[in-house]
Amino acid sequence: MNRLRELRQQKHFSVKADLSRTELSKRTGISTSMIESIEIGRRNPGIKTLIALADYFDVSIDYLVGRSDVR
């Protein structure tokens with residue numbers, strides 16, 4: 001899911017600190033390996049994971065999964 005990687009990188013630039021997969025994992029409760037698997041397209045996230053990511057990045061689930069360009 002390219003949007004997850006994009007959002008993580010944008011967060012990095014907005015706070016001028018590295019938002020690594022490890023840090024995102026700590027902040028969302030999603031394992032680092034799950035975040036990596038989602039980013040490279042190996043796994044599809046479940047609804048609880050999607051909700052956690054959308055809430056953290058303050059975007060809609062539709063935006064996160066690429067169904068909308070409106071955050």
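A: Of the 71 residues of the chain, 34% count as buried, where buried means under 20% relative accessible area, exposed over 50% and partly exposed in between, with a 1.4 Å probe and protein chains only. The model is a predicted one, in which local features need pLDDT of at least 70, side-chain atom pairs count only at pLDDT 80 or more, and totals for chains, interfaces and linings use all residues. Residues are numbered from 1 along each chain as its sequence is written, and side-chain values use heavy atoms, with hydrogens and water left out.

The chain has five helices and zero strands; helices (H or I, at least four residues) and strands (E, at least two) are DSSP runs, numbered from the N terminus. Because its radius of gyration of 11 Å is close to the 11 Å that the globule rule gives for 71 residues, the chain is as compact as a globular protein of that length. That radius is taken over C-alpha atoms, and the globule rule is 2.2 Å times the number of residues to the power 0.38. Along its principal axes the C-alpha trace spans about 30 × 25 × 20 Å.

Now the salt bridges. A salt bridge is a side-chain nitrogen of Lys or Arg within 4 Å of a carboxyl oxygen of Asp or Glu, and by this rule the count comes to six. One of them joins glutamate 39 to arginine 8, with N to O at 2.7 Å. This pair links distant parts of the chain, since glutamate 39 is in helix α3 (residues 32–39) and arginine 8 in helix α1 (residues 2–15), 31 residues apart. Both glutamate 39 and arginine 8 are buried.

Glutamate 39 also meets arginine 21 in a salt bridge, at 2.8 Å from N to O. Here again distant parts are linked: glutamate 39 in helix α3 and arginine 21 in helix α2 (residues 21–28) are 18 residues apart. Glutamate 39 has 2% relative accessibility and therefore counts as buried, whereas arginine 21, at 23%, counts as partly exposed. Arg8, Arg21, Glu36 and Glu39 are linked in a network of salt bridges.

Glutamate 23 and arginine 27 have their closest N and O atoms 2.8 Å apart. Because they are four residues apart in that helix, glutamate 23 and arginine 27 are separated by about one helical turn. An α-helix has 3.6 residues a turn, so residues three or four places apart point the same way. Glutamate 23 has a relative accessible area of 24%, so it is partly exposed.

Back in helix α3, the buried residues are Met34, Ile35, Ser37, Ile38 and Glu39. Serine 37 has a relative accessible area of 6% and is therefore buried. Leaving out residues up to four places away in sequence, serine 37 touches Arg42 and Arg43, where contact means heavy atoms within 4.5 Å. Helix α3 is followed by glycine 41, whose phi is positive, near 85°.
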